[in-house]
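Here is a quick tour for someone meeting this protein for the first time. Take a look at the sequence and the model, then read on.

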Amino acid sequence: MTDNESIRILVAEDDRAVRESLVRALQLEGYTVASAKNGAEALEAVREAEPDVVLLDVSMPMVDGLTVCRVLRAEQNQVPVLMLTARTEPSDRVAGLDAGADDYLAKPYDLDELLARVRALLRRSGYSSDGSDTVESALVLGDLRLDPSGRRVFRADREIQLSKTEFDLLALLVANRGIVLDHSTIYDRIWHYDFGPDSKNLAVYIGYLRRKTEAEGEPRVVHTVRGVGYTARIDG
C-alpha cells in the first residue's frame with residue numbers, strides 16, 4: 001500500500017454511525033481524515049484544513065450538501081467532491097453535478113467502490129501511484145489551449161474556469177482530437193466507472209463544456225457523434 005498520510009480527506013455526514021465508519025475505513029487506508037456533522041462545519045473545515053477530497057452527504061442540517069458544493073465553487077475552490085446521498089433519481093444525480101460535484105454515489109454503497117472513487121478523484125487531481133505529482137505538456141486545438149500542470153484553459157486570450165472533472169474531460173477529448181470516444185471509454189477514463197447507457201452524467205458535462213468554451217461565440221470544439229460518443233475538433 002502506498003503512503004497516503006499526506007492526503008487529507010474530509011467526511012461531511014450528519015449520521016454519526018455512518019460518519020465514524022467512513023472515517024475509520026479511510027484511516028485504515030492510511031489517509032489523514034477530518035469530519036464534519038453539518039454543512040456549516042463542512043465549509044469551515046474545507047477552508048481551514050484544505051482537504052484533497054471531500055465526501056459530502058447531501059442531506060445535512062444547517063446547510064445541505066448541494067449548497068455547500070455551490071458555495072465552494074462560487075469561491076473558486078475546486079477541491080474534488082464526491083457527493084453521497086440516499087436519493088437515487090436521475091434528477092437528483094444531475095442536481096449534484098449541477099452544484100459542482102465531481103462524482104456522485106448513491107446509498108447504500110459498497111465500501112470498495114467508494115474507496116475506488118476516492119482514488120480516481122485523487123488521480124485526476126494529480127496524484128500518481130507513487131505519490132508524486134504529474135507534469136504534462138500543453139494541449140492545443142485551434143485557439144483552445146490547456147495547461148495540464150497548471151490546470152488552466154484558454155480560448156485565445158480568454159481564460160475559462162473549469163471544475164476538475166470538466167478539465168479532465170476536455171483534456172481527454174483534446175488529447176484524442178479527431179478521434180471519436182464512446183461513452184464507455186470516457187466513463188472509464190474520467191470516472192473509472194461505467195454508469196451505463198441511461199446515465200445523464202456525461203451529457204451534463206458535455207453541456208457545461210460547450211457553454212463555457214463557446215461563451216463568446218467561438219467555434220464549437222466538442223462535437224456529438226450520434227450513436228457513438230464525442231470528439232474534439234474545429235470544423236472549417
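## The overall layout

The protein has eight helices and twelve strands. Helices here are DSSP runs of H or I with at least four residues, strands are runs of E with at least two, and both are numbered from the N terminus. Keep in mind that this is a predicted model: local features need pLDDT of at least 70, side-chain atom pairs count only at pLDDT 80 or more, and totals for chains, interfaces and linings use all residues. Residues are numbered from 1 along each chain as its sequence is written, and side-chain values use heavy atoms, with hydrogens and water left out.

A compact globule of 236 residues would have a radius of gyration near 18 Å, and the protein's 18 Å agrees with that. (That radius is taken over C-alpha atoms, and the globule rule is 2.2 Å times the number of residues to the power 0.38.)

Of the 236 residues, 47% are buried. Buried means under 20% relative accessible area, exposed means over 50%, and partly exposed is in between, using a 1.4 Å probe and protein chains only. The accessible surface comes to about 11500 Å², and 47% of it belongs to carbon and sulfur atoms; such areas come from the Shrake-Rupley method with a 1.4 Å probe, and for residues only the protein chains shown count as cover.

Now for contacts, meaning heavy atoms within 4.5 Å. Among those with a separation of 6 or more, 60% are between residues 24 or more positions apart.

## A closer look at helix 2

Helix 2 runs over residues 39-49, and its buried residues are Gly39, Ala42, Leu43, Ala45 and Val46. Seen down the axis, they fall within an arc of 165°, so they line one face of the helix. (The arc is that of the directions from the helix axis to the C-beta atoms.) What do these buried residues pack against? Their partners are strand 1 (8-12), strand 2 (32-36), strand 3 (53-57) and helix 3 (65-74).

The ends of helix 2 are worth a look too. Just after the helix, Glu50 takes a positive phi of about 50°.

## Salt bridges

How many salt bridges does the structure hold? There are 17, each being a side-chain nitrogen of Lys or Arg within 4 Å of a carboxyl oxygen of Asp or Glu. One of them joins Arg47 and Glu75, whose closest N and O atoms are 2.6 Å apart. That pair links distant parts of the chain, 28 residues apart: Arg47 is in helix 2, and Glu75 is in the loop between helix 3 and strand 4 (81-85). Arg47 is partly exposed at 45% relative accessible area, and Glu75 is partly exposed at 40%.

Another bridge pairs Glu166 with Lys212, with closest N and O atoms 2.8 Å apart. Glu166 lies in helix 6 (residues 164-175) and Lys212 in helix 8, so the pair ties together parts 46 residues apart in sequence. Glu166 is buried at 5% relative accessibility, whereas Lys212 is partly exposed at 29%. Finally, Glu13, Asp57 and Lys107 are linked in a network of salt bridges.

Notes
Arc of directions from axis to C-beta.
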